[in-house]
Amino acid sequence: MKNTILLATLLFSHFSFSQCYISVQAGGFHTIGQQDDGTLWAWGNNTVGQLGIDNLEAQTVPVQINTDTDWTTYSVGINNVHAIKADGTLWAWGSNFEGQLGDGTTIEKVLPMDVLPVHLIKSIM
């Protein structure tokens with residue numbers, strides 16, 4: 001009976017709490033991973049906000065980048081990240097010393113910021 005309860009507990013834990021990553025990319029000293037539910041997760045160094053979690057604290061375990069579930073792809077730089085959502089918008093965060101985020105500033109971003117909002121994309125097309 002104890003074995004049956006243990007097995008049931010282990011199976012429930014595995015299927016309820018497993019994190020199914022579909023991709024992982026490493027930057028300079030940080031890592032971003034995408035789960036199969038469309039969420040992005042980050043861990044590692046965070047000196048310029050490259051984790052996108054609204055602070056500058058390093059993380060030793062994966063933490064979710066906001067609550068969005070519509071990320072489709074992402075690219076990790078040395079100290080920054082660019083990502084695209086299902087609606088085609090481009091988002092960026094982290095180091096921006098040389099304007100590499102593409103938002104027209106040189107200010108680092110600690111949260112994902114849309115580089116070109118949807119209303120601007122629609123007006124260009």
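**Around W91**

Guide: Leaving out residues up to four places away in sequence, W91 touches W71, V81, H82, A83, K85, P112, M113, D114 and V115. This is a predicted model.

Visitor: What makes these residues contacts of W91?

Guide: Contact requires heavy atoms within 4.5 Å. The residues named, W71 among them, meet that for W91.

Visitor: Why is W91 called buried?

Guide: Buried means under 20% relative accessible area. W91 has 18%, so W91 counts as buried.

Visitor: What makes the link between W91 and T89 a polar contact?

Guide: Their side chains come to 2.7 Å. The cut-off is within 3.5 Å for a pair of N or O atoms, one able to donate a hydrogen and the other to accept it. So the pair qualifies.

Visitor: Where is W91 found?

Guide: In strand β7, residues 90–94.

Visitor: Which residues touch the most other members of the largest nonpolar core?

Guide: That core has 13 residues, and I32, L40, I65, W71, Y74, A83 and W93 touch the most other members. At least two residues each come from β3, β5, β6 and β7. The largest share, three residues, is from β5. In soluble globular proteins, nonpolar side chains tend to be buried together.

Visitor: What does W71 contact beyond four places in sequence?

Guide: Its partners include L40, I65, A83, W91 and W93.

Visitor: How confident is the predictor in the chain?

Guide: Mean pLDDT is 86, and 78% of residues reach 70 or more. Over residues 6–16, pLDDT stays under 50.

Technical notes. Residues numbered from 1 in each chain as written. Predicted model: local features only at pLDDT ≥ 70, side-chain atom pairs only at ≥ 80, totals over all residues. Heavy atoms only, no water. Helix = DSSP H or I, 4+ residues; strand = E, 2+ residues; numbered from the N terminus. Buried < 20%, exposed > 50% of the residue type's maximum accessible area, 1.4 Å probe, protein only. Core = buried A, V, L, I, M, F, W, Y, C linked by side-chain atoms within 4.5 Å. pLDDT = per-residue confidence, 0-100.
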